[in-house]
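Colleague: I have the sequence and the model open side by side. Can you walk me through what stands out?

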Amino acid sequence: IHGIVEDNVQGRHCYEVSFGSQEPCPENLCPVQRTLRTGSEDRSLGVLHRTDGGIRYFDVYCFPLENPQSEAAQVIEVIHDNTRLHELLRLSDNAITVVTHELKSPLAAISTLGRAILEVNIAQDKKERFLYRIVARAESASTMIEEFLTLSAISMGELKMAPKRLNFCNEIIEKALDQQKRQWRRGA
């Protein structure tokens, strides 16, 4: 379990094996003690343990072994280190927060510009400019979504790469310069 190299952990206390401690867990927090007390299985998910190397998360499952009097006399304890899973969940939550925050701006702009176009007293040329801005913001949001889906596919190992040749000057630099020129014209 979770990187322990010793061959025989049978008969040792879980706090020695899993946590490297000589002191037992507080009785009210210990799933082994609860299992012995209640005679029922116990599942303690997401048990937090702080070490010098950081925080580790364990899922602890305890199963009672009964004596001839049908009382819980011993416990089989299974401990699974889910630290990496918790890290991935935290990163996923952070990514979702970033993506929703980034999408909020173009969607708000689309909504505002759309309402402005619906105004009766707005000039036709202004309506056209607003429509172009709506299209640009929608394309920006769509690009963000595509990038997020690509990152998701990469993280799940599902992205299929298809390399292709490109003319760096024509396809990258000139597009960037064209976009900058349009922004300069709008600002002028």
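Modeller: Start with Ser70, which sits in the loop between strand 2 and strand 3. Keep in mind that this is a predicted model.

Colleague: Is Ser70 buried or exposed?

Modeller: Ser70 has a relative accessible area of 52%, and the cut-off for exposed is over 50%, so Ser70 counts as exposed.

Colleague: What is the phi of Ser70?

Modeller: Phi of Ser70 is near 65 degrees, a positive value in a residue that is not glycine. Most residues other than glycine have a negative phi.

Colleague: How many residues lie between strand 2 and strand 3 in that hairpin?

Modeller: Five residues, and Ser70 is in the turn. The two strands run antiparallel and are joined by nine bridges.

Colleague: Which residue in strand 3 stands opposite Cys62?

Modeller: Glu77 of strand 3 stands opposite Cys62.

Colleague: And how is strand 1 joined to strand 2?

Modeller: By a hairpin through two residues. Strand 1 covers residues 42-51 and runs antiparallel to strand 2, with eight bridges between them. As a landmark, Val47 stands opposite Phe58 of strand 2.

Colleague: How far apart are the C-alpha atoms of Arg43 and Glu77?

Modeller: They are separated by 9.9 Å, while the two residues are 34 apart along the chain.

Colleague: Switching to charges. How many salt bridges are there in the whole structure?

Modeller: The search finds five. One of them is between the side chains of Asp81 and Arg56, at 3.0 Å from N to O. That pair links distant parts of the chain: Asp81 belongs to strand 3 (residues 72-81) and Arg56 to strand 2 (residues 54-66), 25 residues apart.

Colleague: What is the accessibility of Asp81 and Arg56?

Modeller: Asp81 has a relative accessible area of 25%, so Asp81 is partly exposed. Arg56 is at 22% relative accessibility and is partly exposed too. The cut-off for buried is under 20%.

Colleague: Which residue does Glu87 form a salt bridge with?

Modeller: With Arg84, the closest N and O atoms being 3.3 Å apart. Both residues lie in helix 3 (residues 83-117), three residues apart, or about one turn of the helix.

Colleague: And the accessibility of that pair?

Modeller: Arg84 is exposed, with a relative accessible area of 53%, whereas Glu87 is partly exposed at 31%.

Colleague: What about Asp125 and Arg129?

Modeller: Their side chains meet in a salt bridge too, at 3.8 Å from N to O. Asp125 and Arg129 are four residues apart in helix 4, so about one helical turn separates them.

Colleague: How accessible are Asp125 and Arg129?

Modeller: Asp125 is at 47% relative accessibility and counts as partly exposed. Arg129 is also at 47% and is likewise partly exposed.

Colleague: Which residues gather in the patch of positive charge on the surface?

Modeller: Arg133, Arg137, Lys181, Arg182, Arg185 and Arg186.

Colleague: Which helices each supply at least two of the patch residues?

Modeller: Helix 4 (124-155) and helix 5 (168-187). The largest share, four residues, comes from helix 5.

Colleague: Take Arg185. Why does it count as exposed?

Modeller: Because its relative accessibility is 61%, and the cut-off for exposed is over 50%. Arg185 is found in helix 5.

Colleague: Last topic. Which residues make the nonpolar surface patch?

Modeller: Leu65, Ile76 and Val78 make a patch of about 220 Å². Leu65 is found in strand 2.

Technical notes. Residues numbered from 1 in each chain as written. Predicted model: local features only at pLDDT ≥ 70, side-chain atom pairs only at ≥ 80, totals over all residues. Heavy atoms only, no water. Patch = residues over 30% accessible without salt bridge, like charges linked within 9 Å, V, L, I, M, F, W, Y side chains within 5 Å. Areas by Shrake-Rupley, 256 points an atom, 1.4 Å probe, with all protein chains shown as cover. Salt bridge = Lys/Arg side-chain N within 4 Å of Asp/Glu carboxyl O. Lys, Arg positive; Asp, Glu negative; His and termini not counted. Charge placed at Lys NZ, Arg CZ, Asp CG, Glu CD. Buried < 20%, exposed > 50% of the residue type's maximum accessible area, 1.4 Å probe, protein only. Pairing = 2+ DSSP bridges.
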